[in-house]
Amino acid sequence: MSAGGNQHVTVLLEEAVAALHVNPEGRYIDATFGRGGHSRAILSRLGAGGRLLSLDRDPQAVVAGASLVDSRFTLRHAPFSQLAEVARGEGLGQVDGVLFDIGVSSPQIDEGGRGFSFRFDAPLDMRMDTSRGETAAEWLARAEESEIAEVIKDYGEERFAKQIAKKIVAARSERPIATTRQLAALVAEAVRTREPGQDPATRSFQAIRIHINQELQELALVLPQALELLKPGGRLVVISFHSLEDRIVKRFLKEQAEPDKLPKDLPLRADQLPPPKIHLVGKPVRASEAEVAANPRARSAIMRVAEKVSA
């Protein structure tokens, strides 16, 4: 994720790349290219024999990345749930580090036509990959009231999810909900109390976006792939911006940092148990006060780092 406006500032840039412990001749994957902040920083630390593979599901990010010309660098249009398949197709083998900067990017939010933000009146799209899949407008036109309520409650942690869903279903019977402004107005009518400094539509827009892009499912699918791709001593670095994302990352890392659970009645000593797959590196890292002051979107960022255990 990056700062708004025309200048895109990558969050936790130095911290994330430092956590990778870049080996100049190593192989790395930036699974969320965005506008290339992390990729450029990794490339600046790689030697002539190093290699970087980057992915992004957003066609606009891939187009923007075409300006980064480097023989050590490859950018592919793909969701990160296809990480292992793409890496295999590139003949990458095992790698020294994998980096994730999860969630919606600032260009996606700041370009009104994408439909991610209620700050602009735009078609209700919300797809990170505009080349495939169902738009938010299409989903809202067909989904059952109970499904809409469940998505808004689970992914937006919205107290008024049932009321919002009911309002949406009633409104769509009169005319399609096709724009961000229409949806924001409906949510505002259904939300009875507002949180200070937050638009009543914030939670619902977030929830629908997460659902449309299957963001949490993508994350759950890719983490085991990333771990499998890492060579012993390789680093996994994950930056998340939402508590639901961070919960998935935290749980996965915690499970992998513990030895495999074997039946209790097996006659094994502690030193005979299979070792954990990773060890956690340091404590979770958050953006500094200075970074948050310069880029308010960094406020919710949290970075977790793990290293694959040597065989």
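Student: Why does Ser54 count as buried?

Tutor: Buried means under 20% relative accessible area, exposed means over 50%, and partly exposed lies in between (1.4 Å probe, protein chains only). Ser54 has 0% relative accessibility, so it counts as buried. Ser54 lies in strand β2 (residues 51-56); strands (E, at least two residues) and helices (H or I, at least four) are DSSP runs, numbered from the N terminus.

Student: What does Ser54 touch?

Tutor: Leaving aside residues up to four places away in sequence, Ser54 touches Asp30, Phe33, Ser39, Phe73, Thr74, Leu75 and Arg76. Contact means heavy atoms within 4.5 Å.

Student: What is the basis for these values?

Tutor: This is a predicted model, in which local features need pLDDT of at least 70 and side-chain atom pairs count only at pLDDT 80 or more, while totals for chains, interfaces and linings use all residues. Residues are numbered from 1 along each chain as its sequence is written, and side-chain values use heavy atoms, without hydrogens and water.

Student: Where is confidence lowest, and where is it highest?

Tutor: pLDDT is the predictor's confidence in each residue, from 0 to 100. In the protein chain, the lowest mean is 59, in helix α5 (residues 106-110), and the highest is 98, in strand β1 (residues 27-30). The chain averages 89, and 89% of the residues score at least 70.

Student: Why is the pair of Phe33 and Phe73 called tilted?

Tutor: The structure holds 2 aromatic pairs. For Phe33 and Phe73 the ring centres are 5.9 Å apart and the planes stand at 35 degrees, so the pair is tilted. Rings of Phe, Tyr and Trp (its six-membered ring) pair if their centres lie within 6.5 Å; planes under 30 degrees apart count as stacked, over 60 as edge-to-face, and the rest as tilted. Both Phe33 and Phe73 are buried.

Student: What makes the pair of Phe80 and Phe100 edge-to-face?

Tutor: Their planes are 85 degrees apart, with 5.4 Å centre to centre. Phe80 counts as buried because its relative accessibility is 12%; Phe100, at 0%, is therefore buried as well.

Student: Why is strand β5 (residues 230-240) described as largely enclosed?

Tutor: Of its 11 residues, 8 are buried, so the rest of the structure largely encloses β5.

Student: How do you know that β5 pairs with strand β4 (residues 95-101)?

Tutor: Two strands pair if DSSP finds at least two bridges between them. β4 and β5 run parallel and are joined by 6 bridges. Leu99 has Val237 in β5 as its bridge partner, and Val237 also stands opposite Val305 in β8.
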